[in-house]
Amino acid sequence: MREEHGFLLFEKNDFGPWLAEQEINRKKKIIQNHHTWKPDYADFNGNNHFELLQSMRDHHVNNRGWDDIGQHVTTFPDGKIAACRSLKKDPACIRGHNIGAICIENLGNFDINKDQMKAEHKEAIIHANAILCKKFHIKPTLDTICYHHWFASKTCPGTDFFGGNTKQDAEEKIIPLIVAEIGILGLET
Ligand SMILES: [Zn+2]
């Protein structure tokens, strides 16, 4: 794990053990998945995780007027996972739908014909969702794993995010993968 500017950057498998030790009394009921859209894969050079996180925080604080970076967790194309905003706070990610939520921003633009999600990134996204389900006793369903698109006129997390951004896409594609990951890890939710 590396720490810079208040961000913690983990190898995929180190995120769970860290999260397990955090005392977070705030109840969380729903996990949001987003794509950053910009920055996208072309902005990631393999080493600039912290620079990208800082620029997102600067944008959220200075241009949006939020108190910190909006998202709790950021996943990267190389499969690394960053802890960002304190999980003791609600996120600033979907207007009107942040209470009791956990926000994951997945770095890239996953609209059709934009960034092709790398295999290690896919694994990190599924893993992060599964680990958060375990921590907050969330059973993955359409009521607990959501996409920004369902609440706003945005394509986020992308029209090709795990094959599509509709509720049916989520139900058929990402939720079974999260359920399977929870099973593989032997987690209980
Ligand atoms: Zn979004």
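A salt bridge is a side-chain nitrogen of Lys or Arg within 4 Å of a carboxyl oxygen of Asp or Glu. Keep that in mind as you move through this predicted model, which holds 11 salt bridges.

Begin by selecting aspartate 78 and lysine 80, where the closest N and O atoms are 3.6 Å apart, and the two residues form a salt bridge. If you colour the model by accessibility, you will find that aspartate 78 is partly exposed, with a relative accessible area of 26%, whereas lysine 80 counts as buried at 19%.

Next, select arginine 57 and aspartate 68, a salt bridge in which the closest N and O atoms lie 3.9 Å apart. Arginine 57 sits in helix α2, residues 49–63, while aspartate 68 belongs to the loop between α2 and β4 (73–75), so this pair ties together parts that are 11 residues apart in sequence. Aspartate 68 is buried, its relative accessible area being 15%.

Because lysine 89 lies in the loop between β5 (81–83) and β6 (101–106) and aspartate 67 in the loop between α2 and β4, the pair ties together parts that are 22 residues apart in sequence. Of these two, aspartate 67 counts as exposed, at 51% relative accessibility, and lysine 89 is partly exposed, with a relative accessible area of 30%.

Conventions. Residues numbered from 1 in each chain as written. Predicted model: local features only at pLDDT ≥ 70, side-chain atom pairs only at ≥ 80, totals over all residues. Heavy atoms only, no water. Helix = DSSP H or I, 4+ residues; strand = E, 2+ residues; numbered from the N terminus. Buried < 20%, exposed > 50% of the residue type's maximum accessible area, 1.4 Å probe, protein only.
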